[in-house]
Amino acid sequence: MSAVSGTVMVMDMVGRAARRRETALADLDETERAARGQFFTPTAVAKIMARLLKVPDHGVVRVLDPGAGSGMLTATLVSHLATVTPSLRVHVTAVEDDTSLLPALRETLDDCSVLGAETRLIAEDYVSWAVTSDERFDLVIQNPPYHKLRVDSTADVLLRNAGIVVPNIYAGFMALAARQLTPGGQMVAITPRSWMNGTYYESFRRGLLDRAAIDAIHTFASRSSVFGDMGVLQESIIVSVTSNAIQGPVRLYSSVDQASETAERIVPGNQVVTPDFVFVPASRSDADAVSWMASATRTLADLGLTVSTGRVVDFRSRDLLRHSPDQPCSPMIYPANIVERTVQHPRTRLRKPQWFAIDSTTASKLLVPAGVYVLVKRFSSKEEKRRIVAAVWDDDRAPAFDNKLNYIHRAGHGLDPGLARGLAIWLNSTRVDDYFRVFSGHTQVNATDLRHMRFPSHAELLELARTNSDIDIAVEQLFAARRKAA
């Protein structure tokens with residue numbers, strides 16, 4: 001085969017795989033696809049992933065594609081290897097249990113065979129197959145399914161019996177695939193960012209990072225374009241790891257979407273991997289945000305403070321919610337009561353009940369003692385430019401806080417008003433919001449995230465509270481003064 005004809009075949013193979021992806025996507029039942037958590041990899045994303053894998057220029061390489069779907073990732077990787085390392089012998093194992101996709105996947109594997117790859121299709125559930133397989137692979141490329149694991153489901157039981165505790169199936173796929181790597185083997189996966197921080201994924205995160213080192217991360221600024229043809233709004237990230245490797249520098253790539261120009265930078269590994277979470281300082285401004293935050297040395301615990309999630313889940317307390325205080329009631333505070341960093345109550349424009357009936361049997365469990373608290377929205381609305389939105393609640397009535405709010409308190413009781421104001425100013429600053437976006441893999445702000453965040457000292461927070469300046473100016477002045485003193 002000539003070099004020209006080989007190149008044409010490679011390009012045609014990727015094109016055919018892309019058409020199969022589109023056909024499979026059109027033919028799938030939406031309800032079934034959602035239940036399976038299937039998100040088919042676009043061609044441009046598959047090419048980014050293939051280029052992240054480091055391969056030898058000769059010998060044999062064993063490739064695994066768990067949850068292969070119609071075979072887009074396999075086709076792209078095999079075509080990439082045929083182009084850059086034509087003398088490499090490639091053995092591919094594709095695992096897929098969706099019978100509606102198997103014909104398309106078989107056609108893709110047949111194309112790979114024409115290019116010289118040895119292929120094998122495992123028509124089984126990947127989790128069930130992997131927990132009993134002793135096979136090892138040099139390369140894993142995957143776009144795992146995404147759905148919550150139901151406790152005591154078959155997959156949950158199999159994973160737990162294998163010592164893998166995860167809240168979502170995608171992390172189970174990643175954990176199993178990492179175990180199937182040969183020493184020095186590499187895995188590249190596109191997943192949500194959620195595994196990189198938070199307590200839900202702590203066990204998985206520590207297990208993965210104990211087993212492998214992060215080589216590269218690719219982030220996308222747009223949350224709507226990566227899987228846009230499936231109507232998915234998800235913060236996706238591509239990560240590459242090497243098994244049994246010591247953590248070294250990490251290559252960070254960033255682009256608006258899979259089709260736009262990519263920026264690249266290399267950072268020390270300790271600026272990315274920490275004991276608590278994985279930072280993704282993809283740009284210089286991200287790195288500056290992390291560096292700047294190093295000036296804040298306190299946690300909430302250091303300040304003697306705690307953060308909790310609001311106690312009231314409204315649909316479980318419907319019988320206690322009131323639209324008017326026609327009996328003894330407490331204020332009922334929702335995220336929508338926070339307007340322009342202040343708490344408005346009652347807010348008549350809201351359809352939600354603004355009052356919580358005081359019931360002797362439930363009040364002690366659901367109400368918070370009267371006092372001053374800092375409220376932080378767990379979910380920011382689409383109109384808000386910032387992830388973190390905080391406000392001070394100050395009232396002599398015991399409030400009921402909705403479950404979609406976090407509240408900062410001292411041992412279950414209110415705060416000093418000055419301290420509360422200083423905390424709210426700090427949390428609402430641009431610097432803190434920039435920092436939060438670097439380390440958080442969520443579009444929400446969880447109590448755990450706030451516990452891990454850094455704050456100024458007690459005295460500095462009180463100083464912030466006394467300022468009449470713009471929030472961002474006040475925060476900059478505070479740290480400028482500190483640097484000058486140092």
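Reader: Is R206 buried, partly exposed or exposed, and what is its relative accessible area?

Author: R206 is partly exposed, with a relative accessible area of 36%. Buried means under 20% relative accessible area, exposed over 50%, and partly exposed in between, with a 1.4 Å probe and protein chains only. Please note that this is a predicted model, in which local features need pLDDT of at least 70, side-chain atom pairs count only at pLDDT 80 or more, and totals for chains, interfaces and linings use all residues. Residues are numbered from 1 along each chain as its sequence is written, and side-chain values use heavy atoms, with hydrogens and water left out.

Reader: With which residue does R206 form a salt bridge?

Author: The partner of R206 is E202, and their closest N and O atoms are 3.1 Å apart. A salt bridge here is a side-chain nitrogen of Lys or Arg within 4 Å of a carboxyl oxygen of Asp or Glu. Both residues belong to helix α9 (residues 202-211), four residues apart, about one turn of the helix. E202 is partly exposed, at 31%. Helices (H or I, at least four residues) and strands (E, at least two) are DSSP runs, numbered from the N terminus.

Reader: How many salt bridges does the structure hold?

Author: There are 14. One of them joins E107 to R20, with 3.0 Å between the closest N and O atoms. E107 lies in helix α5 (residues 102-114) and R20 in helix α1 (residues 3-27), so this pair ties together parts that are 87 residues apart in sequence. R20 is buried at 11% relative accessibility, whereas E107 is partly exposed at 43%.

Reader: Which residues are linked with E107 in a network of salt bridges?

Author: The network links E107 with D12, R16, R20 and D111.

Reader: And what about K352 and D314?

Author: Their side chains meet in a salt bridge of 3.1 Å, N to O. K352 is in the loop between β14 (342-343) and β15, and D314 in the loop between β10 (306-309) and β11, 38 residues apart. D314 is buried at 17%, while K352 is partly exposed at 37%.

Reader: Turning to the strands, in what order do the four strands of the open sheet stand?

Author: The order is β11-β15-β12-β18, with mixed pairing. Two strands pair if DSSP finds at least two bridges between them. β11 (321-322) and β18 (400-401) stand at the edges with a single partner strand each, so one side of each is left without a neighbour in the sheet.

Reader: How many bridges join β12 to β15?

Author: Three bridges join β12 (residues 329-333) to β15 (residues 355-357), and the two run antiparallel. P331 stands opposite W355 in β15.
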